Amino acid sequence: MKHYQFSTGEESISIPLKPDVKKMYIEVTTGCNYSCITCIRHSWTDKMGDMSMEVFNKLFEDMKALPDLKCVHFGGFGEPLTHPNILEMIGKCKEIGLSVEMITNGSMLTPTVANSLVELGLDWIFVSLDGPDDDSFETIRPGASYEEVVQNIEYLQKLKKQKRTIKPELGVEFVATKTNIKKLPAMPALTDRLGAHKFIVTNVLPYHESMKDEILYDTGLDLNSFGRESTFLSMKAAPNMQLRTARHCRFVENKAMAVTWQGNISPCYAFMHTYTCYIMGRKKDMIAHSFGNVKERSLEEIWTDPAYARFRWMARTSDYPSCTDCRLLEGCSTAFNNEADCWGNNPSCSDCLWARDIVMCP
C-alpha cells in the first residue's frame, strides 16, 4: 500500500493512501422549486444546472471500485426531485447494494414519486420542515404549502404500511432561527404523528446579511432536552448552542466526499460552491475548492491524491487555527475568506461551524 509522508516540523507523518471512501454526497442539481430565505443561492454567483447522465454514469462506474463505499446521499444545495433522472440514479445505486438517502423539501413527493421510491427501496428520506404549521413553514418558504408537504408525507407513510415495508425511513430536519424557535416544542408531536424515526435540529448559517441576526448560538439557549417526550424517534440530534473547544469533522470522520453537479470532488458541503456567509455576524467569502473532477480522474485517484489525504489529516486532527474565537481576529487578513489561514493551510477550515456541531446535516 502506498503512503504519503510529510513533516509537521515536529514529527514525521505517514498517511496510507487507500480508497476507503464510505459515504458519498451527490448534488444532482442546484435547481429548486422553492426560494427559501435561508438558502445559499441568495449569496452565490455560481452557474446553475443539473448533473448530466454522462457525469453520473462515470461516478457510478467509479463507485464500483471503492470497496468500502456503503452509502450515497442525494442532496447538496438543490432539490433532488427536480432532476429528471433522479429515480434512475437511485435505482442504479440500489442495484449495486448501496444504502441510499435523499433530502427533499417534500413538495414534489407526489403519490407517483412515493410509489417509485418505495419500489426502488430508498433507505432514508429526510424532509425539511422548519415548523409545525402554515405560518412558520411559509415564513421561511414563501409561496410554499405546508399542508401539501404534510399530505405527501402522510401518503408515503400510508403506502409503506400497505406494502409492509419500513423503507424509506423518514427523517425530519428543522433549521432553527430566532423567528421559528418558539415552534420547536411542537415538533416532536408532529414527527410522532408522521412516524419519523430521526429528527435533526440545526442552526441557521446566514448566507445573506438580512439573516445574520437570526442566529441563536451564543445566546445561552439549551436544546439538549428537545424531543424527549417523543415516542417513535430512534435518533434525535441537537446542535451546540455555543462555541466549544473541541472540533471534529463528521465528513472526514465518516470518510465522506461531496460531488457537485459538475462532477467536482469537494471534501464537504462548505467547499462545494463560492458564496458569502456570516460567521457570528462577520462576513466571510467562501471560495469553492475541489480536489479533482470525476470526468478527468477516477474517484479512487482523487481520494488517494496526497493533497486530499493531507487535507483530511488536517481536518481530522484539527491542525488549523480557530478564527471564530481568536483574540487577534480583528484586522486579520486571512479571516476574510477560506482560501488560506495563518497556519499555512490552503484551503482553510478555520471558521467551520459544522466542525463545532453548531450546523448539522444528515
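1. First, a word on terms: helices (H or I, at least four residues) and strands (E, at least two) are DSSP runs, numbered from the N terminus. The model is predicted, so to speak of local features a pLDDT of at least 70 is needed, side-chain atom pairs count only at pLDDT 80 or more, and totals for chains, interfaces and linings use all residues. Residues are numbered from 1 along each chain as its sequence is written, and side-chain values use heavy atoms, with hydrogens and water left out.

2. On a 1 Å grid over the protein atoms alone, a cavity is a set of points where a 1.4 Å probe fits but cannot get out, and lining residues have an atom within 4 Å of a point. There is 1 cavity of 30 Å³ or more. The largest cavity holds about 700 Å³ of space, a volume being the space filled by probe spheres set on points joined across faces, edges and corners. Its lining has 33 residues, with Gly76, Phe77, Ser128, Glu173 and Val175 closest to the centre.

3. Strand 5 (99-104), strand 7 and strand 8 each bring at least two residues to the lining of that cavity. By class, this lining has 18 nonpolar, 10 polar and 5 charged residues (nonpolar: Ala, Val, Leu, Ile, Met, Phe, Trp, Tyr, Cys and Pro; charged: Asp, Glu, Lys and Arg; polar: the others, Gly among them).

4. Now the open spaces: a pocket is an open set of points with protein on both sides within 12 Å along at least five of seven lines. The largest pocket has about 600 Å³ of space. Arg250, Phe251, Trp354, Val359 and Cys361 are the closest to its centre among 41 lining residues. Of the lining of the largest pocket, 29 residues are nonpolar, 5 polar and 7 charged.

5. Which cysteines might you ask about? The whole structure has 0 disulfides (pairs of cysteine sulfur atoms within 2.5 Å). For Cys332, the nearest cysteine sulfur is that of Cys342, 5.8 Å away. For Cys352, the sulfur of Cys349 is nearest, at 6.1 Å.
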